[in-house]
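Biologist: Hi! Could you walk me through this model in plain words?
Modeller: Happy to, let's have a look together.

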Amino acid sequence: MTAAPSWKYDLVSDDRSGPIVEIALPSIPGFEKVARDAAAVVADQMGFSPDRIEDLKTAVAEACLNAAEHGNAGDATAEVRVVMRVAESSLSVSVNDQGRGILPRERPGPGFPDRQRGWGMFFIDRLMDRVIIARLPEGGNQVTMEIRLAPTSAQPSSWPSSSADGADDGSPEES
Amino acid sequence: MQNKFVVEHRAEGQIGYLDFPRDVTAQTREGAYQAYFALVRARVRVVGMNFEASEYLNSAGIGLIISLVEDAVQVGRRVYGYGLSAHYRKLFGMVGLSDQMVLVSDVDEMLLQVGGGAEAG
C-alpha cells in the first residue's frame, strides 16, 4: 500500500525544483489575507499575469478560509499551514489544516438550494489549473492547488532551481 | 477612517446607494443588512452597490451580495453594481450575479442606464 505523503513532500507538478515558502496561520478570519498576499508576491516574481495572480489570490484565500472554518472548526489555536512550491513553469500551493472537520465538497450552481453559501471550493476549482484534496494520515485536510505559467508567457524563474525529494501521493481526490 | 465592516447608505430620490467597505466578508453581513433595510424604509426603487473602496471580497462576502440582490429583486427593485475590478466582475459572473444585477463601471454609467428620469425620482 502506497504511503500517503506528509504535507511537506506532496507534489502536484512533475517539476521538482525551486524554492519553498511556508506560512503558518491561526484559524482566525482575516489572516487568510497574509497567505493570499504572499502568494501574490511569489506569483508575481515568477512572471504570472495580473489576471492569474488575482485568480490565485482568491483561491488561496478561499482554501485558507475553508481550512480555518471547516477543517479546524474555527478553533483559533489550530493552525492553517500554507506551503508554496516554486517550479520552473508552475506554482503549487498546499493548504493544510489540523482538524477533524471535513471540507465542503458541494459546488453551488444554478438551482443549488442555498446559493448564498459554499462558493469557496467552486472558485478554487474554476480558477486553478489543478486541484487535489486529500485527507492526511496524521489528521487534517490538504488542498493543493496548481497554477501554470502559460506556454507563450513562460519566463525563466528569477529564482534558482534546486532538487527536492518528494513522495508519491496516495489516493487523493483530484479535480 | 471608515470602519472596515460598516456599509454606508444614502438615498437620492428613488435611488439608494450601499457603499461597501474595503473588505466584504462574513463580518460585513450585519452592517450591509442594516444599510439595506434603511434603504427599504426610504422606499428606493433602485439600489446602487458601490464597490469602489472594496479590495477584498471573499466567498462569504459574495454570498452576502447574492442574498441582498435576491432580496431586492424579489420585490421589484433594480440593482446595479459599480466600482468592481475586472477580477471580481468575473467572479460575479461565475456565480450568476450578473444575471440579476447590472454591472457597470462607475456611478455615472449607472445613472445613464437608470435614465435619470422616472426611477431617479
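Modeller: Let's start with B:Y33, which is buried because its relative accessible area is 12%; buried means under 20%, exposed over 50% and partly exposed in between, with a 1.4 Å probe and protein chains only. Keep in mind that this is a predicted model, where local features need pLDDT of at least 70, side-chain atom pairs count only at pLDDT 80 or more, and totals for chains, interfaces and linings use all residues. Residues are numbered from 1 along each chain as its sequence is written, chains are lettered from A and ligands numbered from 1 in the order in which they are written, and side-chain values use heavy atoms, leaving out hydrogens and water.
Biologist: And is B:F37 buried or partly exposed?
Modeller: B:F37 is partly exposed, since its relative accessible area is 41%.
Biologist: Where do B:Y33 and B:F37 lie?
Modeller: Both are in helix α1 of chain B (residues 29-41), four residues apart, about one turn of the helix. Helices here are DSSP runs (H or I, at least four residues), as are strands (E, at least two), numbered from the N terminus.
Biologist: New topic: how many aromatic pairs are there over all chains?
Modeller: Seven. Rings of Phe, Tyr and Trp (its six-membered ring) pair if their centres lie within 6.5 Å; planes under 30 degrees apart count as stacked, over 60 as edge-to-face and the rest as tilted.
Biologist: Which kind of pair do A:W119 and A:F122 make?
Modeller: Their ring centres are 4.9 Å apart and the planes meet at 85°, so this pair is edge-to-face. A:W119 and A:F122 sit three residues apart in helix α3 of chain A (residues 119-127), about one turn of the helix.
Biologist: Are those two buried or exposed?
Modeller: A:W119 is buried at 1% relative accessibility, and A:F122 is buried too, at 6%.
Biologist: What links up with them into a cluster?
Modeller: Ring pairs join A:W119, A:F122 and A:F123 into a cluster.
Biologist: Back to chain B, how many helices and strands does it have?
Modeller: Chain B has four helices and seven strands. Along the sequence, the pattern reads β-β-β-α-β-β-α-β-α-β-α.
Biologist: And how much of chain B is buried?
Modeller: Buried residues make up 50% of its 121 residues. The C-alpha atoms of chain B fill a box of roughly 35 × 30 × 25 Å along the principal axes.
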